[in-house]
Amino acid sequence: MPTPHYGQPRYRVIADELRERIESGVIPPGALLPAESVLTAEFQVARGTVRKAIAALREEGYAATEHGRGTHAARHTPIPANEPGASQREIPADARLAKLLQVDVGTTLSEREKVIRRGEQVEAVIRTYHVHHTKHLATEHKSSLPHQGEL
């Protein structure tokens with residue numbers, strides 16, 4: 001049973017604190033989140049509690065984890081009021097997206113996600129990516145690939 005903290009499980013309290021740090025700029029977009037060991041010491045909780053907090057941030061679009069590179073803060077844009085099921089955030093290009101969009105790994109991309117529902121059931125999830133900074137690998141010729149693509 002999770003230890004309650006003012007009616008909330010500890011992982012939610014930790015996620016709320018980290019979310020506040022990201023939103024306020026204490027942890028800027030693209031910066032690595034503190035290591036799990038640092039967070040376990042800071043909040044005096046088990047590693048599993050920290051992992052659950054980070055998973056909650058990933059689900060909300062505030063953090064992204066890359067194998068071998070760690071977990072970093074992602075810029076989170078709230079869902080527009082006129083577009084239910086849509087969200088937008090900034091992410092670093094991973095190797096696959098970098099190759100597709102012909103940019104360097106780590107280039108800032110805008111990821112837009114749209115969830116299409118039929119009743120209560122999810123019918124489709126559409127993600128589009130747009131390059132913010134045009135830092136191309138090949139500078140001698142123009143790419144035939146568009147800088148906005150659906151995956």
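**View 1. His-72 in strand β4.** His-72 sits in β4, the strand that covers residues 70–73; helices (H or I, at least four residues) and strands (E, at least two) are DSSP runs, numbered from the N terminus. This is a predicted model, in which local features need pLDDT of at least 70, side-chain atom pairs count only at pLDDT 80 or more, and totals for chains, interfaces and linings use all residues. Residues are numbered from 1 along each chain as its sequence is written, and side-chain values use heavy atoms, with hydrogens and water left out. Is His-72 buried or exposed? His-72 is buried, at a relative accessible area of 5% (buried means under 20% relative accessible area, exposed over 50%, partly exposed in between, with a 1.4 Å probe and protein chains only). Skip residues up to four places away in sequence, and His-72 still touches Gly-30, Ala-31, Leu-32, Leu-33, Tyr-62, Ala-63, Ala-64, Glu-66 and Pro-92; contact means heavy atoms within 4.5 Å.

**View 2. Val-45 in the loop between α2 and α3.** The loop that links α2 and α3 holds Val-45. With a relative accessible area of 16%, Val-45 counts as buried. Leaving out residues up to four places away in sequence, its contacts are Arg-10, Ile-14, Thr-40 and Val-50. Ile-14 is 31 residues from Val-45 along the chain, yet their C-alpha atoms are 9.6 Å apart.

**View 3. Helix α2 against helix α3.** The two helices pack at about 110°, and 9 Å separates their axes. (Axes are lines fitted to C-alpha atoms, for helices over the stretch in contact, and angles run from 0 to 180 degrees between N-to-C directions.) α2 and α3 are therefore roughly perpendicular, a label for angles of 65 to 115 degrees, while under 35 is roughly parallel, over 145 roughly antiparallel and the rest oblique. From α2 come Glu-36, Ser-37, Leu-39 and Thr-40, and these meet Arg-47, Val-50, Arg-51 and Ile-54 in α3. Sorted by class, the contact of α2 with α3 has three nonpolar, two polar and three charged residues.

**View 4. The largest nonpolar core.** This core has 17 residues, and those with the most contacts inside it are Ile-14, Leu-18, Ile-22, Ile-27, Leu-33, Leu-39 and Leu-57. (A nonpolar core is a set of buried Ala, Val, Leu, Ile, Met, Phe, Trp, Tyr and Cys residues joined through side-chain atoms within 4.5 Å.) α1 (10–24), α2 (36–43) and α3 (47–60) each supply at least two residues of this core. Which helix gives the largest share? That would be α3, with five residues. Another core lies apart from this one and has nine residues, including Ile-91, Leu-97, Leu-101 and Val-103.

View 5. β6 (residues 86–92) and β7 (residues 108–118) run antiparallel, joined by seven bridges; two strands pair if DSSP finds at least two bridges between them. Ser-87 faces Glu-113 in β7 across this pairing. β7 also pairs with β8 (residues 121–131), again in the antiparallel sense, over 10 bridges. There, Ile-116 has Ala-124 of β8 as its bridge partner. The hairpin of β7 and β8 leaves two residues between the strands, and Gly-119 in the turn has a positive phi of about 70°.

How values were computed. Nonpolar A, V, L, I, M, F, W, Y, C, P; charged D, E, K, R; others polar.
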